[in-house]
Amino acid sequence: MSEVVSVIDGLDLVVALADGQVHPEDLDRARRDARLARERRGHLGGTLVLALLGGTGSGKSSLLNALAGEAVAAVSAVRPHTARPLAWVPAGAEPALGRLLDRLGIEARVTHERFPGIALLDLTDVDSVAAGHRTTVERLLPDVDGIVWVLDPEKYHDPVLHEEFIAPLADSSDQFLFVLNQIDRLAPDEVEAVCGDLTATLQGEGIDRPVVFPVAAAPPGRAPLGVEALAAHLHHRLDAKRLYLGRLLAGTRRAARALADAAGLRQGGTLHFEERWAEAVERVSTALAVSGPTPGVMEEAICTLEDLVGRLAAEGGGPFAPRLRSTFSTARLEEELRAAGAGMEAAFPPVVDRSGRRVIEPERRARAANLLAEELQRRLGAPLRRAVWERAALAASVTGVTVEALEAEAVLQRSGPAAGEGVSS
Ligand SMILES: Nc1nc2c(ncn2[C@@H]2O[C@H](COP(=O)(O)OP(=O)(O)OP(=O)(O)O)[C@@H](O)[C@H]2O)c(=O)[nH]1
Ligand SMILES: [Mg+2]
């Protein structure tokens with residue numbers, strides 16, 4: 001499956017390969033796009049990953065079970081209970097999710113088909129983790145899409161939770177969701193009052209618009225309350241995330257395309273390099289082996305190579321053209337040709353007959369031509385091929401990113417929209 005992370009990696013590769021082939025401003029723009037995508041907080045993949053956090057006994061594991069519609073996580077009246085974090089992950093989720101769980105050290109994983117696209121992490125309670133472990137939550141924030149703070153009517157004011165965790169992280173509150181669990185233990189009119197009080201407390205801590213869901217995940221002898229509304233909200237978040245990722249992928253495709261345009265890749269060209277090079281070298285080396293580096297032969301040889309460089313440059317177009325022409329200037333072509341010709345003359349000293357004509361038997365001539373061809377290959381063929389190859393590599397990586405992004409977009413579209421998938425079964 002094509003993954004968002006690898007598409008972003010692909011854009012990074014395109015940027016690296018385009019370095020030197022496009023204007024620095026074009027490069028900076030693409031670099032910024034890749035950085036913005038990377039800096040987004042949350043899991044870079046098609047699954048919405050939410051961590052359940054809260055004090056011990058607030059009902060995190062019970063909430064997971066209520067959403068799952070079955071007993072996935074162990075629940076107990078003995079505190080604290082959940083000692084090993086558990087991930088409830090959709091079947092067929094992207095490999096990046098597995099890597100995220102590895103990074104977080106969550107080994108216990110249960111797959112489900114209930115809410116495609118939604119993963120819930122049941123973590124150990126925050127208050128039995130010694131104070132100062134806010135860093136654990138801080139480390140979690142960039143990797144998960146959201147934190148569901150599970151509170152209960154007794155401890156929703158718990159200073160440890162508020163002062164140690166929620167208030168200091170108010171800047172990340174767009175990733176927060178609050179569940180007031182165990183509302184069955186309150187009288188109906190108290191639910192609203194407690195929710196209002198909680199909302200006011202959170203606002204006082206800098207969370208302007210806290211999203212609070214009153215829920216009873218495991219009311220004794222009754223069906224859960226408020227879980228459908230919470231599930232609908234999670235689906236809404238999943239849709240929003242997929243929409244965002246779809247735009248991100250399309251933006252990545254556009255950024256790669258823009259670099260390809262800036263490098264003049266759309267004009268094609270630089271195909272058939274090997275044939276053209278072999279043809280030019282054959283012509284040049286045979287003429288030089290037969291006649292030696294006379295001014296006329298040299299001039300014609302330089303023209304042949306100039307013509308090759310000119311055609312590669314013109315077909316490549318964009319900034320590639322002047323770069324190739326200046327790297328393989330006429331002066332350089334002449335210099336390399338002279339050096340290669342001198343080497344050939346030294347290895348196969350010419351014999352001149354009585355009438356002053358250069359004589360070289362066919363067998364020696366062929367060897368001289370081969371030697372010259374090898375020299376030209378080393379001096380000009382290899383660097384020319386490298387220049388053409390760099391361009392081809394850029395073209396290939398742009399195509400790679402485009403194809404991968406399109407595939408990832410198709411995967412997102414196939415799995416969405418998520419809204420409306422029922423929680424009650
Ligand atoms: N009355 C009532 N009891 C609940 C509700 N939700 C959970 N409980 C009970 O609260 C206790 C703790 O629930 P858990 O789900 O284990 O709580 P937890 O947050 O996972 O606790 P730790 O794993 O220790 O962090 C259990 O006895 C549950 O049955 C609820 O909505 N109403
Ligand atoms: Mg638990």
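Where is the place of Q21, between which two helices? The model is predicted, so local features need pLDDT of at least 70 and side-chain atom pairs count only at pLDDT 80 or more, while totals for chains, interfaces and linings use all residues. Residues are numbered from 1 along each chain as its sequence is written, and chains are lettered from A and ligands numbered from 1 in the order in which they are written.

**View 1. Q21 sits in the loop between α1 (4-18) and α2 (24-39).** Helices here are DSSP runs of H or I with at least four residues, strands are runs of E with at least two, and both are numbered from the N terminus. Q21 counts as buried because 23 C-beta neighbours lie inside 10 Å. The cut-offs are 20 or more other C-beta atoms within 10 Å for buried, 12 or fewer for exposed, and partly exposed in between, with C-beta atoms placed from the backbone.

View 2. Setting aside neighbours within four places in sequence, Q21 is in contact with A263, P319, F320, R391 and L394. Contact means that the C-beta atoms, placed from the backbone, lie within 7 Å.

**View 3. An open sheet of seven strands runs in the order β3-β2-β4-β1-β5-β6-β7.** Its pairing is mixed; two strands pair if DSSP finds at least two bridges between them. At the edges stand β3 (108-112) and β7 (212-214), each with a single partner strand, so one side of each has no neighbour in the sheet. On average, neighbouring strands of this sheet are turned by 20° against each other, direction ignored. For such angles, axes are lines fitted to C-alpha atoms (for helices, over the stretch in contact), and angles run from 0 to 180 degrees between N-to-C directions.

**View 4. Inside the sheet, β2 (residues 86-90) pairs with β4 (residues 118-122).** The two strands are antiparallel and joined over three bridges. Look for L86, whose bridge partner in β4 is D122.

**View 5. Domain 1 (48-225) and domain 2 (265-411) make up the domain assignment of the chain.** Their bounds come from an automatic or database domain assignment. The C-alpha centres of domain 1 and domain 2 lie 66 Å apart. Along the principal axes, the C-alpha atoms of the chain fill a box of roughly 120 × 40 × 35 Å.

Definitions and conventions
Two residues are in contact if their C-beta atoms, placed from the backbone, lie within 7 Å.
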